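I opened the notebook to look up how this protein is put together.

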Amino acid sequence: MNQYIVTAYDYTDEGALERRMAVRPHHLDGANELHANGNYVVGGAMLNDEGKMIGSVMIVQFETEEELQAWQQREPYITQKIWETVDVKPFKVAAVG
């Protein structure tokens, strides 16, 4: 499978954190679905100095670019305007341990 690192920063407008928290259950449902399908490697929220969520990092894997694009088109943090910027780069998890 092709692996990707997704680095996404949230909008910073008034109410951005509240929007994130409202959409978060749907985002986590999607992450659980990715995990069940073998597409989720690891992920989590980026925090500011006060410990508030300001973005996300995920490592995901898909067989094809089309599957990656299909995920992006249905990801709630993208469709509901939580992530202002989303950077997706090819990635390779190191085989250690």
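The entries below follow the order in which I looked things up.

**Fold.** I noted at the start that this is a predicted model. I counted three helices and four strands in the protein. Reading from the N terminus, I wrote their order down as β-α-β-β-α-α-β.

**Overall dimensions.** I looked up the box that the C-alpha atoms fill, which is roughly 40 × 30 × 20 Å along the principal axes.

**Contacts along the chain.** I took the contacts between residues at least 6 apart in sequence and found that 69% of them join residues at least 24 apart.

**Surface and charge.** The protein exposes about 6200 Å², and I noted that carbon and sulfur atoms supply 52% of that area. I listed 8 positive and 15 negative side chains, with the centres of the two sets 1 Å apart.

**Interior.** I found that 29% of the 97 residues count as buried. The largest nonpolar core has 13 residues, and those touching the most other members are Leu 34, Met 58, Val 60, Phe 62, Trp 71 and Trp 83. At least two residues of this core come from each of strand S1 (2-10), helix H1 (16-36), strand S3 (53-62) and helix H2 (65-74).

What does Phe 62 touch, not counting residues up to four places away in sequence? I wrote down Met 1, Asn 2, Tyr 4, Leu 34, Asn 39, Glu 67, Leu 68 and Trp 71. Leu 34 and Trp 71 were already on my list for the core.

Notes:
Residues numbered from 1 in each chain as written. Predicted model: local features only at pLDDT ≥ 70, side-chain atom pairs only at ≥ 80, totals over all residues. Heavy atoms only, no water. Core = buried A, V, L, I, M, F, W, Y, C linked by side-chain atoms within 4.5 Å. Buried < 20%, exposed > 50% of the residue type's maximum accessible area, 1.4 Å probe, protein only. Contact = heavy atoms within 4.5 Å. Areas by Shrake-Rupley, 256 points an atom, 1.4 Å probe, with all protein chains shown as cover. Lys, Arg positive; Asp, Glu negative; His and termini not counted. Charge placed at Lys NZ, Arg CZ, Asp CG, Glu CD.
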